[in-house]
Amino acid sequence: MSKQTTNTSEHHQHRIFLSDSLSWYTHTRLGGVLRDSAEAAAASSALASTGSTSSDFVTLTREVEWLQRDVVIFGKKVPQPRLIQYMADDVRLAYRYSGCDLVPVKFHPIVLQAKEQAETLAGVPRGYFNSCLLNRYRDGKDSNGWHADDEPLYGRDPIIASVSYGAARDFDIKRKADGPPEKARLRLCDGDVLIMGGAMQRNYLHCIPKRANSKVDGERINLTFRRILKPM
Ligand SMILES: O=C(O)CCC(=O)C(=O)O
(Lines give C-alpha, C1' and ligand atoms only; values in the text may rest on other atoms or scores of the structure.)
Protein backbone atom coordinates (compact mmCIF):
# COMPACT_ATOMS: atom_id res chain seq x y z
CA MET A 1 0.00 0.00 0.00
CA SER A 2 1.20 3.53 -0.63
CA LYS A 3 -0.09 6.98 0.30
CA GLN A 4 -0.41 9.82 -2.19
CA THR A 5 -1.77 13.31 -1.52
CA THR A 6 -4.04 14.62 -4.24
CA ASN A 7 -6.15 17.71 -4.62
CA THR A 8 -9.84 17.12 -5.16
CA SER A 9 -11.44 20.56 -5.56
CA GLU A 10 -10.57 22.56 -2.41
CA HIS A 11 -9.85 19.48 -0.27
CA HIS A 12 -6.49 17.75 0.14
CA GLN A 13 -7.03 14.02 0.37
CA HIS A 14 -4.73 11.13 1.14
CA ARG A 15 -5.34 8.50 -1.47
CA ILE A 16 -4.27 5.07 -0.29
CA PHE A 17 -3.21 2.92 -3.22
CA LEU A 18 -3.57 -0.84 -2.84
CA SER A 19 -0.76 -3.03 -4.08
CA ASP A 20 -2.07 -3.37 -7.64
CA SER A 21 -1.20 0.39 -7.88
CA LEU A 22 -4.50 0.95 -9.71
CA SER A 23 -7.02 0.73 -6.87
CA TRP A 24 -7.36 3.43 -4.25
CA TYR A 25 -9.50 4.70 -1.43
CA THR A 26 -9.70 7.88 0.63
CA HIS A 27 -10.85 7.79 4.26
CA THR A 28 -12.07 11.19 5.34
CA ARG A 29 -14.88 12.88 7.30
CA LEU A 30 -18.03 14.83 6.57
CA GLY A 31 -16.82 18.42 6.48
CA GLY A 32 -13.56 17.28 4.93
CA VAL A 33 -11.46 16.89 8.08
CA LEU A 34 -8.83 14.28 7.38
CA ARG A 35 -9.09 11.04 9.28
CA ASP A 36 -5.99 9.72 11.01
CA SER A 37 -5.78 6.93 13.54
CA ALA A 38 -5.66 9.22 16.64
CA GLU A 39 -8.76 11.05 15.49
CA ALA A 40 -10.52 7.78 14.69
CA ALA A 41 -9.80 6.46 18.19
CA ALA A 42 -11.07 9.70 19.81
CA ALA A 43 -14.27 9.66 17.74
CA SER A 44 -15.07 6.06 18.51
CA SER A 45 -14.36 6.43 22.24
CA ALA A 46 -16.57 9.58 22.39
CA LEU A 47 -19.37 7.57 20.80
CA ALA A 48 -18.79 4.67 23.18
CA SER A 49 -18.74 6.87 26.27
CA THR A 50 -21.83 8.94 25.50
CA GLY A 51 -23.75 6.32 23.53
CA SER A 52 -24.98 9.30 21.52
CA THR A 53 -25.14 9.62 17.77
CA SER A 54 -25.75 12.55 15.47
CA SER A 55 -29.25 13.91 14.96
CA ASP A 56 -28.97 12.95 11.28
CA PHE A 57 -28.58 9.32 12.33
CA VAL A 58 -31.68 9.49 14.54
CA THR A 59 -33.71 11.20 11.78
CA LEU A 60 -32.65 8.56 9.24
CA THR A 61 -33.66 5.72 11.58
CA ARG A 62 -37.11 7.32 11.98
CA GLU A 63 -37.91 8.77 8.58
CA VAL A 64 -36.55 6.23 6.10
CA GLU A 65 -38.88 3.34 5.30
CA TRP A 66 -36.44 0.53 6.09
CA LEU A 67 -37.02 -2.75 4.26
CA GLN A 68 -36.20 -6.27 5.35
CA ARG A 69 -35.59 -8.17 2.09
CA ASP A 70 -35.00 -11.82 1.38
CA VAL A 71 -31.98 -12.82 -0.68
CA VAL A 72 -31.35 -16.12 -2.43
CA ILE A 73 -28.23 -17.92 -1.19
CA PHE A 74 -27.41 -21.35 -2.65
CA GLY A 75 -30.98 -21.52 -3.99
CA LYS A 76 -32.53 -20.80 -0.56
CA LYS A 77 -34.42 -17.63 0.41
CA VAL A 78 -33.06 -16.11 3.61
CA PRO A 79 -33.61 -12.69 5.26
CA GLN A 80 -30.83 -10.27 4.36
CA PRO A 81 -28.75 -9.61 7.53
CA ARG A 82 -29.51 -5.86 7.57
CA LEU A 83 -32.26 -3.44 6.57
CA ILE A 84 -32.00 -1.51 3.32
CA GLN A 85 -33.55 1.24 1.23
CA TYR A 86 -32.67 2.59 -2.18
CA MET A 87 -32.91 6.24 -3.30
CA ALA A 88 -32.35 7.78 -6.72
CA ASP A 89 -33.04 10.79 -8.90
CA ASP A 90 -35.26 8.88 -11.24
CA VAL A 91 -37.45 5.76 -10.95
CA ARG A 92 -35.82 4.41 -14.12
CA LEU A 93 -32.65 3.86 -12.08
CA ALA A 94 -33.94 0.55 -10.70
CA TYR A 95 -31.22 -1.75 -9.45
CA ARG A 96 -31.06 -5.53 -9.03
CA TYR A 97 -28.72 -7.39 -6.71
CA SER A 98 -28.68 -10.74 -4.88
CA GLY A 99 -31.97 -11.60 -6.57
CA CYS A 100 -33.79 -8.43 -5.32
CA ASP A 101 -35.25 -5.74 -7.54
CA LEU A 102 -34.95 -2.35 -5.91
CA VAL A 103 -37.20 0.45 -7.09
CA PRO A 104 -35.89 3.78 -5.86
CA VAL A 105 -37.70 6.25 -3.64
CA LYS A 106 -36.86 9.98 -3.66
CA PHE A 107 -33.73 11.21 -1.88
CA HIS A 108 -34.41 12.13 1.76
CA PRO A 109 -33.14 15.71 2.45
CA ILE A 110 -30.41 14.37 4.80
CA VAL A 111 -29.27 11.89 2.14
CA LEU A 112 -29.23 14.70 -0.43
CA GLN A 113 -27.11 16.85 1.87
CA ALA A 114 -24.67 13.96 2.49
CA LYS A 115 -24.58 13.31 -1.28
CA GLU A 116 -23.49 16.89 -1.94
CA GLN A 117 -20.78 16.68 0.71
CA ALA A 118 -19.61 13.34 -0.69
CA GLU A 119 -19.47 14.84 -4.20
CA THR A 120 -17.29 17.70 -2.93
CA LEU A 121 -14.97 15.30 -1.10
CA ALA A 122 -14.76 12.97 -4.10
CA GLY A 123 -13.97 15.91 -6.42
CA VAL A 124 -16.83 15.06 -8.78
CA PRO A 125 -19.39 17.53 -10.16
CA ARG A 126 -22.62 18.32 -8.29
CA GLY A 127 -25.27 15.78 -9.31
CA TYR A 128 -22.66 13.13 -10.22
CA PHE A 129 -24.01 10.49 -7.82
CA ASN A 130 -27.52 9.63 -9.04
CA SER A 131 -28.35 6.79 -6.65
CA CYS A 132 -27.79 5.69 -3.08
CA LEU A 133 -28.06 2.31 -1.39
CA LEU A 134 -28.79 2.66 2.33
CA ASN A 135 -27.86 -0.09 4.78
CA ARG A 136 -28.94 -0.24 8.42
CA TYR A 137 -27.02 -2.66 10.67
CA ARG A 138 -29.21 -3.20 13.74
CA ASP A 139 -26.44 -4.80 15.79
CA GLY A 140 -23.17 -6.71 15.46
CA LYS A 141 -24.93 -9.70 13.93
CA ASP A 142 -26.02 -7.63 10.95
CA SER A 143 -23.40 -7.66 8.23
CA ASN A 144 -22.62 -7.26 4.55
CA GLY A 145 -20.80 -10.21 2.95
CA TRP A 146 -17.77 -10.11 0.63
CA HIS A 147 -18.69 -8.39 -2.64
CA ALA A 148 -17.58 -5.74 -5.12
CA ASP A 149 -19.78 -2.98 -6.54
CA ASP A 150 -18.74 -4.09 -10.01
CA GLU A 151 -22.11 -4.40 -11.78
CA PRO A 152 -22.00 -3.25 -15.42
CA LEU A 153 -24.53 -0.49 -14.74
CA TYR A 154 -21.77 1.48 -12.95
CA GLY A 155 -19.33 1.18 -15.85
CA ARG A 156 -15.64 0.29 -15.53
CA ASP A 157 -13.82 1.62 -12.47
CA PRO A 158 -16.61 3.59 -10.74
CA ILE A 159 -16.09 6.15 -7.98
CA ILE A 160 -18.22 5.12 -5.00
CA ALA A 161 -18.58 7.25 -1.86
CA SER A 162 -19.95 5.93 1.41
CA VAL A 163 -21.00 7.92 4.48
CA SER A 164 -21.35 6.26 7.90
CA TYR A 165 -23.47 7.20 10.91
CA GLY A 166 -23.78 5.62 14.35
CA ALA A 167 -21.75 2.72 15.70
CA ALA A 168 -18.22 2.16 14.39
CA ARG A 169 -17.76 -1.03 12.34
CA ASP A 170 -14.84 -2.74 10.64
CA PHE A 171 -14.68 -2.52 6.85
CA ASP A 172 -12.51 -5.27 5.40
CA ILE A 173 -10.88 -5.28 1.97
CA LYS A 174 -9.31 -8.25 0.22
CA ARG A 175 -7.95 -8.99 -3.21
CA LYS A 176 -10.24 -10.97 -5.54
CA ALA A 177 -9.33 -14.64 -5.86
CA ASP A 178 -7.31 -14.18 -9.06
CA GLY A 179 -4.81 -11.77 -7.46
CA PRO A 180 -2.00 -12.15 -4.90
CA PRO A 181 -3.32 -12.37 -1.28
CA GLU A 182 -3.76 -8.94 0.31
CA LYS A 183 -6.04 -7.73 3.12
CA ALA A 184 -6.74 -4.39 4.78
CA ARG A 185 -9.11 -3.29 7.56
CA LEU A 186 -10.57 0.19 8.11
CA ARG A 187 -12.69 1.30 11.05
CA LEU A 188 -15.66 3.33 9.79
CA CYS A 189 -16.95 5.71 12.50
CA ASP A 190 -19.85 8.16 12.82
CA GLY A 191 -19.38 10.90 10.20
CA ASP A 192 -16.71 9.05 8.20
CA VAL A 193 -16.62 9.18 4.42
CA LEU A 194 -14.91 6.45 2.40
CA ILE A 195 -14.31 7.08 -1.28
CA MET A 196 -13.29 4.11 -3.44
CA GLY A 197 -11.95 4.51 -6.95
CA GLY A 198 -9.65 3.30 -9.68
CA ALA A 199 -9.77 -0.47 -10.15
CA MET A 200 -10.93 -1.15 -6.58
CA GLN A 201 -14.24 -2.77 -7.60
CA ARG A 202 -12.51 -4.74 -10.37
CA ASN A 203 -9.66 -6.11 -8.28
CA TYR A 204 -10.88 -6.13 -4.65
CA LEU A 205 -13.83 -7.26 -2.53
CA HIS A 206 -15.09 -5.54 0.63
CA CYS A 207 -17.37 -6.51 3.51
CA ILE A 208 -18.74 -5.51 6.92
CA PRO A 209 -18.04 -8.60 9.05
CA LYS A 210 -20.36 -9.88 11.78
CA ARG A 211 -19.26 -9.06 15.30
CA ALA A 212 -20.30 -10.05 18.84
CA ASN A 213 -22.89 -7.54 20.08
CA SER A 214 -20.63 -6.82 23.07
CA LYS A 215 -18.06 -5.42 20.58
CA VAL A 216 -20.47 -3.07 18.73
CA ASP A 217 -22.00 0.11 20.22
CA GLY A 218 -25.45 -0.31 18.68
CA GLU A 219 -26.85 0.53 15.28
CA ARG A 220 -25.08 1.85 12.21
CA ILE A 221 -26.35 3.39 8.99
CA ASN A 222 -24.28 3.58 5.82
CA LEU A 223 -25.18 5.54 2.68
CA THR A 224 -23.37 4.32 -0.45
CA PHE A 225 -23.50 6.81 -3.32
CA ARG A 226 -23.04 5.56 -6.87
CA ARG A 227 -23.47 6.80 -10.43
CA ILE A 228 -25.54 4.55 -12.68
CA LEU A 229 -24.37 5.01 -16.26
CA LYS A 230 -26.69 2.56 -17.98
CA PRO A 231 -30.17 2.11 -16.48
CA MET A 232 -31.29 -1.55 -16.56
O1 LIG B 1 -21.84 -0.55 5.13
C2 LIG B 1 -20.83 -0.33 4.48
O3 LIG B 1 -19.95 0.43 4.88
C4 LIG B 1 -20.61 -1.03 3.16
C5 LIG B 1 -21.81 -1.01 2.26
C6 LIG B 1 -21.55 -1.75 0.99
O7 LIG B 1 -20.53 -2.36 0.79
C8 LIG B 1 -22.55 -1.75 -0.06
O9 LIG B 1 -23.68 -1.27 0.15
O10 LIG B 1 -22.24 -2.22 -1.17
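This note goes through the predicted model point by point, from the overall make-up to single residues.

1. Basis. The model is predicted, so to speak of a local feature requires pLDDT of at least 70, side-chain atom pairs count only at pLDDT 80 or more, and totals for chains, interfaces and linings use all residues. Residues are numbered from 1 along each chain as its sequence is written.

2. Overall make-up. The chain contains four helices and 16 strands. Helices (H or I, at least four residues) and strands (E, at least two) are DSSP runs, numbered from the N terminus. Of the 232 residues in the chain, 35% are buried. A residue is buried if 20 or more other C-beta atoms lie within 10 Å of its own, exposed if 12 or fewer, and partly exposed in between, with C-beta atoms placed from the backbone. Among contacts between residues at least 6 apart in sequence, 72% join residues at least 24 apart. Two residues are in contact if their C-beta atoms, placed from the backbone, lie within 7 Å.

3. The ligand shell. The residues around the ligand include Leu133, Asn135, Asp149, Phe171, His206 and Thr224; a residue is near a molecule or strand if its C-beta atom, placed from the backbone, lies within 6 Å of it. Strands β9 (131-137), β15 (204-208) and β16 (220-226) each supply at least two residues of this shell. By type, the shell has four nonpolar, six polar and one charged residue. Here Ala, Val, Leu, Ile, Met, Phe, Trp, Tyr, Cys and Pro count as nonpolar, Asp, Glu, Lys and Arg as charged, and the others, Gly among them, as polar.

4. Helix α3. This helix covers residues 109-122; at 1.5 Å a residue its 14 residues should span 20 Å, and its end C-alpha atoms are 20 Å apart, which agrees. The expected span is 1.5 Å times one less than the number of residues. Buried in α3 are Ala114, Lys115, Ala118, Glu119, Leu121 and Ala122. They cover an arc of only 160° around the axis, which puts them on the same side of α3; the arc is that of the directions from the helix axis to the C-beta atoms. Pro109 and Glu116 are exposed on the other side of α3. After the helix comes glycine 123, with a positive phi near 70°.

5. The nonpolar core. In soluble globular proteins, nonpolar side chains tend to be buried together. The largest nonpolar core in this model has 42 residues, and Ala118, Ala161 and Ile195 have the most contacts inside it. Such a core is a set of buried Ala, Val, Leu, Ile, Met, Phe, Trp, Tyr and Cys residues joined through C-beta atoms within 7 Å. Leaving aside neighbours within four places in sequence, alanine 118 is in contact with Phe129, Ala161, Val163, Val193 and Phe225.

6. Helix α2. Asp56, Phe57 and Leu60 are buried in α2 (residues 55-63). They cover an arc of only 100° around the axis, which puts them on the same side of α2. These buried residues pack against α3, β11 and β16. The face turned away from the buried side carries the exposed residues Ser55, Arg62 and Glu63.

7. Methionine 87 is in strand β6 (residues 83-88) and counts as buried, with 22 C-beta neighbours inside 10 Å. Not counting residues up to four places away in sequence, methionine 87 touches several residues, among them Pro104, Phe107, Val111 and Cys132. The C-alpha atoms of methionine 87 and proline 104 are 4.6 Å apart, although 17 residues separate them along the chain. Glycine 166 lies in strand β11 and is buried, with 25 C-beta neighbours inside 10 Å. Glycine 166 and aspartate 56 are 110 residues apart in sequence and 9.5 Å apart in space, C-alpha to C-alpha.

8. Positive phi outside glycine. Serine 21 has a positive phi of about 65°. Serine 21 sits in the loop between β2 (11-17) and β3 (23-29) and counts as exposed, with 11 C-beta neighbours inside 10 Å. Aspartate 157 also has a positive phi, near 55°. Aspartate 157 lies in the loop between β10 (144-147) and β11 (160-166) and is partly exposed, with 16 other C-beta atoms within 10 Å.
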